[in-house]
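This report considers selected local features of one protein structure. Please have the sequence and the coordinates at hand while reading.

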Amino acid sequence: MTDGSKLGADTGSSLVADRISDTVNETLPAKRPSLPEQSHRGVSKRPKLTAQDVQVARETAELFKSNIFKLEIDELVHELKLKDTHCKLIERVLHRLYDIIQEIPTSGEMSLDQAIDHFIQSPTRIVIPFPDPKPTSVNYKFNYEPPEDTSLVGSFGLKTGIQQPKGMVIDVALTMPKKLFQQKDYMNYRALYKRAFYLAYVAENLIPLAKKHHLPIKLSYEYADGDVLCPTIRIDSYLPESPEEDDLIFEKTSFSIRLYVGFPFGLFDAKKLLPDRNCIRVKSEETELPPTPLYNASILTSSSYTCYLKYLYTAKKTSEAFRDACVLGKLWLRQRGFSSNITEGGFGHFEFATLMAALLDGGGEHGNRILLHGFSSFQLFKATIRYLATQDLCHEGYLSFCSVIGEHKSVYKPKRGFGVPTIFDKNTKINILWKMTPSSYGMLRKHAQAALDLLNDVVTDRFSQIFIQNANSKIMKFDAVIRIPLSLVNQETDGFGPLEKISFLTFERYVSSKIFKLLSIALKDRVTQIDVKVSETESTYFSIIHRRPSAGVKFVDIGLYLDAAESEKRVTKGPLHSQKVEGERFASFWGPKAQVRRYKDGNVQYSCLWPAFGTESPTITIAKYILDLHLQPGISKNMVVNSTKFNVLLASPLTASLGSSHPLIIPSHFQELHSSYDSLCKLIYNMESLPLTVKSILPASSSLRGTSLLLPVPFAITNPDFFNDSVMQFETSTRWPDELLTLERTKTAFLLKINAALQNVSGYTSYLTKDNSIPYLKDVVTTLNVLTPEGHGFRFSVLTERDELLYLRSIENADAKQKPAVTDSYIKFMQKYIGSVKHHRAINGLVTRFPFFGPTVRLFKQWIESQLLSTHFSEQLLELIAAKVFIDPAPYPVPSSTATGFLRILNFISHWNWREEPLILDLSADDADSITGTYIDKISGKLTVQEHQMMSENFRKLRKDDPSGNHVQFFVASREDPSGKLWSSNRVGLPMASRVTVLSKIVVSLLSRSEGISEGQLRLAFTPALKDYDFVIEVKDPEDMRARSGVLPGDTFKNLVPSLTEFPSDVSKFEDPVQNYFSELAARYSNVVVLSTHRYTCLSDEKEGRANVITGIFNPAVVHGKKKFRANIGFNVRPTEDEHVECNEEAILQQMVRLGGDLVVSFKRYH
């Protein structure tokens, strides 16, 4: 059904023009309705609630999920309403247009040649928009007679139109007189050719008549909803150079008018135009011609404009909330890229409204009603979404209804699907979903299922994710996007003959269908959904002096939703070798890749083995191979795959990943590290020389949970993450000291015992070091460092059941001056011990649940590192932010590729208003295993409403004391940290928090600007903007730092890089001098300058624009303005003329450079 006959005949987005930007992937927060404030005079008096008020609130919650949700829906619908002034103006325009159409004279009968000559000689140069194939010789006449009916159809006529950024389209249908047709005109394009002449004749006469009647307009052709068989006239207003007083100009309204030319209802026998009938006769060797469902549906649709207008008008009258539910449905569809246009899924406002009207009259298997007329708009919308999500109208059944009101109930008929999406109207014989494909219908159901989950969420408000956020960005919603130039597919060699032409109508639809079928068979369980569309650069409308749109550059865009558990498997298994018929079919489809293999379970099966090396997913490799084999040889060379480009951004390890079936997801380096860790833990557990036995050893390292930026390469001692932290607990004892210093010395004694025991174990080296991370206990806390025979390093700290109690007691006993320092020590203690262990367990659970979480976090850390932000953000905070797009991915599904996960993280940060919005995460899993016998409680169960409210209240209290976020910027709360500030307090800083937001916006805008992501764009996204800083100090790259950190040098052959096989005799000599220099500068000048540098010196690459630098931004509160001189002012100053002092920036910078000595290569000051 075209937009001309539907309830929502609007083009463009479904959001209010002044609220939603038209940029790609723009997301705005839902505007909350303002509540009236009570006046306060003396003691405020709250009005008493009556029983009626309570009853209204209860009924509202039942009808709209919650009272707040109802307010949001009411305000949204109100804001989308058309302006009254625009409506009054356009009504005058429509009346004048109607008068003009009535003045168009009859043409008289013309032959084909006469009709063509008529327009050739016309001064307007209009061309008849004949559909392909263009007529050559016909034995019937063309004629124009005044339309027997002129109807205002669509949403404007039903008063259901809404504002849109691209402007609203008003649909007017002209019905051709019956006497212009013959009984068999539905065959072989005859009616369509007559309609094309009729349309061109109307356009020819509209031009002079509109000028005569002071209606300045410009005309163009436009295909109705992408249907190449149904051209329409698009009428737009313009401002003349010399406007006259009587001119009706509606340019500022952003409205346009679309003239449809339809056929009288019942003109042709609808039974002869059923989807399984053939109505186009072509010469063929086949004895039976294929059906022409698209052609038949287009003919019938052109006959039923007014029929569906009446049907939907009746539904609107019988259900008070029908109109608002239609608005919600259209809004939801447009935010996901759906409309009635064939190229946009073929399911828009009209289809949604018709489905809802049918469900008001039945829809169940026995004709029972799915929707009730008394439902609220929210209930109507939710029930319709549930129907789309749960009922398969393609393969498992179809919906049958009758558009004649009251004649028959609509019924869902299961187990009788036609293989195409079907909502069949028994009155008009039209399949309402005729413009949809199995691909687009699968996408619609996937979105409906996701929306249904959001609608059922009782913990958080999901209004924004359902209606406001744009979920139609290709690079955001798909796990992999493949783009193929359509021009590379040869029509002749690809089998697009006469029979395919009448079945698919266009080559674009034929290629899309073929690719979808090929990939559905080839990828099978590796993908959950495939979306195939043809995008083009040309406009949707074209000039009236052309028969059809000019041939623009077209691409086939293939979007894949991957199954994370299956997509990386190296083997495609087929039938057993004993199944001969299936085996021959398998071998025929897979070609030379098909082989017979024997597996460990004894089965002999047909299989295909895919390479495991490189950065390309096996799913992409399979797609390339199968399209080369069955679509066009060599076409994969011109494919553009976005996801593959991101995988090469991660640093390549010095040693290859061996023995891993999923090298992109779980490199073998992590497995080898775990093996070494388990051996060491077993050794410590079995030590008998300790006064207390070791009860538990709890890991707290990013490498041990698979999220470290660099892979744990053996003997890579200069890797900043080389030593993996763990927290050790002994059995419970009442003899632990009651004083912190004494307790730490006792812990040191235990570590010395373990160190002595390890000295006697062959291959292990251990030593003790001081841990100064807790300010109050500097040079007191001791850790045990262990080097294993496998080449890995581990660092152990000791935690007792008395530690936290003693820290809390210290805070309680401290005076006012000491309390901040003691409190800071307690926070550091929580981070290093209890918090880090809880965090590790939660994140490790996410790595297990979501296969692509680990590599996504690593890529996100790589980007943070490239932007010189690693020194400001803890690894734990970055991992928690990254977890958001996996555990709460709405409005998208869970990402199943590294590229998609990374882009969604940046997209979230770019839109996160962290000053006003907390980030509350549910890190738990339903199937979390019970962990008993440890000091730290296990994680189990989902967040409750009470827990969520408690964390939100913590955020409100925090922002009440710190509204600008000067002390705590990112509030990230979970059950492990309800306070929300454990990993972000006193570290990130307001400038760097704002900077990461701005950088995320820039990168998302850069990568969303074009359809494909180029390597140049990615390189730019991972290059720091050094000129944003006040000064930059470039330092030398330490010799062999890259190789000693386990990273493969980029400009060297792998066989020329010496492998790491043993530890150096003195590990301390291999410290990173750049990091030591940076630490010295930070200790001296952190009160004056915000310093930044790369934490991973080994990743610097001057050729790629990532030189080793230390950057700084002066604190404006310190360097700007004059201050009174005082002792211990804390920074270098110089006197001023009025006996004050000011910060001596030049002297400070000279001191910084002098401290670096020979390590400094150059110095630049930008501001």
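Where is proline 549 found?

## Position of proline 549

The model discussed here is predicted. Proline 549 belongs to the loop between strand S12 (541–542) and strand S13 (554–562). With a relative accessible area of 23%, proline 549 is partly exposed.

## Salt bridges

Side chains of opposite charge can pair when their charged atoms come close. The count for this model is 39 salt bridges. One of them joins lysine 435 and glutamate 351, with an N to O distance of 3.5 Å. Lysine 435 lies in the loop between strand S9 (430–431) and helix H11 (438–455), and glutamate 351 lies in helix H9 (residues 349–359), so this pair ties together parts that are 84 residues apart in sequence. Both partners are covered: lysine 435 is buried at a relative accessible area of 2%, and glutamate 351 is buried at 0%.

Another salt bridge links lysine 884 to aspartate 888, where the closest N and O atoms are 3.9 Å apart. Lysine 884 and aspartate 888 are both buried.

## Positive surface patch

A patch of positive charge on the surface gathers Lys184, Lys272, Arg277 and Arg281. Arginine 281 is placed in the loop between strand S5 (256–262) and helix H6 (293–301). The relative accessible area of arginine 281 is 48%, and the residue is partly exposed.

## Cysteines

How many disulfides does a search of the whole structure find? The search finds 0 disulfides. A disulfide is a covalent bond between the sulfur atoms of two cysteines. For cysteine 279, the closest cysteine sulfur is in cysteine 230 at 17 Å, which is too far for a bond. Cysteine 279 is buried, with 1% relative accessibility.

Cysteine 402 is likewise in no disulfide, and the nearest cysteine sulfur, in cysteine 307, is 8.5 Å away. The relative accessible area of cysteine 402 is 4%, and the residue is buried.

## Backbone geometry

Most residues other than glycine have a negative phi, and most peptide bonds are trans. Two cis peptide bonds are described here. One runs from aspartate 132 to proline 133, with omega near 0°; proline 133 is placed in the loop between helix H4 (112–121) and strand S1 (149–153). The other joins alanine 890 and proline 891, with omega about 10°. Proline 891 is in the loop between helix H24 (875–887) and helix H25 (898–911).

Histidine 214 is not a glycine, yet has a positive phi of about 60°. Histidine 214 is located in the loop between helix H5 (190–212) and strand S3 (217–223) and is partly exposed, with a relative accessible area of 24%. Aspartate 225, also not a glycine, has a positive phi of about 55°. Aspartate 225 is found in the loop between S3 and strand S4 (231–237) and is buried at 4% relative accessibility.

Definitions and conventions: Residues numbered from 1 in each chain as written. Predicted model: local features only at pLDDT ≥ 70, side-chain atom pairs only at ≥ 80, totals over all residues. Heavy atoms only, no water. Salt bridge = Lys/Arg side-chain N within 4 Å of Asp/Glu carboxyl O. Helix = DSSP H or I, 4+ residues; strand = E, 2+ residues; numbered from the N terminus. Buried < 20%, exposed > 50% of the residue type's maximum accessible area, 1.4 Å probe, protein only. Disulfide = S-S within 2.5 Å. Patch = residues over 30% accessible without salt bridge, like charges linked within 9 Å, V, L, I, M, F, W, Y side chains within 5 Å. Areas by Shrake-Rupley, 256 points an atom, 1.4 Å probe, with all protein chains shown as cover. Lys, Arg positive; Asp, Glu negative; His and termini not counted. Charge placed at Lys NZ, Arg CZ, Asp CG, Glu CD.
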